[in-house]
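Have the structure open as you read along.

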Amino acid sequence: MLTVQNQWDSQTPLTSGLGMHRALKGSRMVYVAGGEGHGVYSGDPRACANRAVNAYLSTRQLPARDLTCKPSAHHNAGPRKGVAPIPRPVPGAPSF
């Protein structure tokens, strides 16, 4: 299973997304560091998360490892006032 997760998802908090990823043995996660909102998959085919999801949907192959992406233009990225940053859940994953 491929899971996709924004850092600042109000419907599925990061801790819940990470918990699901850990519980599903063999899954891969596409994490959007700084991404906001519940929707990760957008209309921007160049976005890192979209490329990973599109590749999975077209080939049925999971990425070789978890990915950490930067938000695309549709995400409202930026520091959140009064909220401590959450550590990257996928250490060593490449950033795009």
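The protein chain holds 2 helices and 3 strands, where helices (H or I, at least four residues) and strands (E, at least two) are DSSP runs numbered from the N terminus. Along the sequence they follow the pattern β-α-β-α-β. This is a predicted model, in which local features need pLDDT of at least 70, side-chain atom pairs count only at pLDDT 80 or more, and totals for chains, interfaces and linings use all residues. Residues are numbered from 1 along each chain as its sequence is written, and side-chain values use heavy atoms, leaving out hydrogens and water.

| Element | Residues |
|---|---|
| Strand β1 | residues 2-8 |
| Helix α1 | residues 14-23 |
| Strand β2 | residues 28-36 |

Let's start with β1. In this strand, 6 of the 7 residues are buried, meaning under 20% relative accessible area with a 1.4 Å probe, protein chains only. β1 pairs with β2 in the parallel sense over 6 bridges; pairing requires at least two DSSP bridges between the strands. Trp8 stands opposite Glu36 in β2.

Beyond its neighbours within four places in sequence, Cys69 is in contact (heavy atoms within 4.5 Å) with Val30, Tyr31, Val32, Ala33, Cys48 and Ala49.

How values were computed
Buried < 20%, exposed > 50% of the residue type's maximum accessible area, 1.4 Å probe, protein only. Right-handed = clockwise from strand over helix to strand, strands pointing away.
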